[in-house]
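Reader: Please show the chain, and then account for the terms that are applied to it.

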Amino acid sequence: SVRFGSVWLCSVNASQPVCTRANACSVAAKMAWPEDETVTLIQLWGEESIQVQIEGCVRNKEVFAKLAAQVREMAYERTRPQCRDQIKKLKGEYRKIKTTIMNLEELGGLRKILIP
């Protein structure tokens with residue numbers, strides 16, 4: 001890690017991209033989530049107790065802190081921001097796929113793609 005003004009520049013090795021952070025560099029935050037960690041996060045996220053808390057609050061920092069603690073109990077080292085960002089990413093991907101499917105259905109093309 002090298003500090004340049006208020007920005008940290010980090011590079012683990014030549015095969016990984018350089019990440020830039022204003023406060024501190026966390027290469028782990030930029031790493032892809034393995035499938036088993038993602039499945040665990042989705043399972044925990046889907047629990048009724050978490051969903052009830054999310055529905056009832058505007059600021060969900062504490063909910064994601066609890067979620068990250070549960071992920072850590074499952075032996076995965078993830079922080080609150082990492083869990084929040086992964087959930088946001090997954091929700092965005094879901095919405096994008098759902099929109100694509102709806103657009104294809106409107107055009108009548110979904111059946112052609114799914115059924116040869």
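This is a predicted model: local features need pLDDT of at least 70, side-chain atom pairs count only at pLDDT 80 or more; totals for chains, interfaces and linings use all residues.

Reader: What does the secondary structure of the chain come to?

Author: The chain has six helices and three strands, where helices (H or I, at least four residues) and strands (E, at least two) are DSSP runs numbered from the N terminus. Along the sequence the pattern reads β-β-β-α-α-α-α-α-α.

Reader: Why is Arg78 called buried?

Author: The relative accessible area decides this: buried means under 20%, exposed over 50%, and partly exposed in between, with a 1.4 Å probe and protein chains only. Arg78 has 6% relative accessibility and therefore counts as buried. Of the 116 residues of the chain, 22% are in the buried class.

Reader: What makes the pair of Arg78 and Glu37 a salt bridge?

Author: A salt bridge requires a side-chain nitrogen of Lys or Arg within 4 Å of a carboxyl oxygen of Asp or Glu. For the side chains of Arg78 and Glu37 the N to O distance is 2.7 Å, and the pair is a salt bridge. Arg78 lies in the loop between α4 and α5 and Glu37 in helix α2 (residues 35-45), so the pair ties together parts that are 41 residues apart in sequence. Both Arg78 and Glu37 are buried.

Reader: How many salt bridges does the structure hold, and what are the closest N and O atoms of Arg84 and Asp85 apart?

Author: The structure holds two. Arg84 forms a salt bridge with Asp85, with 3.1 Å between the closest N and O atoms. Arg84, with a relative accessible area of 27%, is partly exposed; Asp85, at 41%, also counts as partly exposed.

Reader: What makes the contacts of Gln86 contacts, and which residues does Gln86 touch?

Author: Contact means heavy atoms within 4.5 Å. Not counting residues up to four places away in sequence, Gln86 touches Trp33, Thr38 and Leu41. Gln86 lies in helix α5, and a relative accessible area of 6% is the reason why Gln86 is called buried.

Reader: Where is Leu90 found, and why is Leu90 called partly exposed?

Author: Leu90 is found in helix α5. Its relative accessible area is 22%, and therefore Leu90 is partly exposed. With residues up to four places away in sequence left out, Leu90 touches Thr38 and Ile42. Leu90 and Thr38 are 52 residues apart in sequence, and their C-alpha atoms are 9.2 Å apart in space.

Reader: What share of the contacts with a separation of 6 or more comes from residues 24 or more positions apart?

Author: Such residues account for 29% of those contacts in the chain.

Reader: How many residues has the largest nonpolar core, and which have the most contacts inside it?

Author: A nonpolar core is a set of buried Ala, Val, Leu, Ile, Met, Phe, Trp, Tyr and Cys residues joined through side-chain atoms within 4.5 Å. The largest such core has 14 residues, and those with the most contacts inside it are Leu41, Trp45, Leu67 and Cys83. At least two residues of this core come from each of α2, α3 (48-55), α4 and α5. The largest share, five residues, is supplied by α4. Leu67 touches Leu41, Leu44, Trp45, Cys83 and Ile87, not counting residues up to four places away in sequence.

Reader: How many aromatic pairs are counted, and what makes the pair of Trp45 and Phe64 stacked?

Author: Rings of Phe, Tyr and Trp (its six-membered ring) pair if their centres lie within 6.5 Å; planes under 30 degrees apart count as stacked, over 60 as edge-to-face and the rest as tilted. By this rule there is one aromatic pair. Trp45 and Phe64 are 5.5 Å apart centre to centre with 20° between the planes, and the pair is stacked. The pair links distant parts of the chain, with Trp45 in helix α2 and Phe64 in helix α4, 19 residues apart. Both Trp45 and Phe64 are buried.

Reader: Where does Ala75 lie, and why is Ala75 called exposed?

Author: Ala75 lies in the loop between α4 (61-73) and α5 (80-107). Ala75 has a relative accessible area of 65% and is therefore exposed. The phi of Ala75 is near 75°, a positive value in a residue other than glycine. Most residues other than glycine have a negative phi.

Key. Residues are numbered from 1 along each chain as its sequence is written. Side-chain values use heavy atoms; hydrogens and water are left out.
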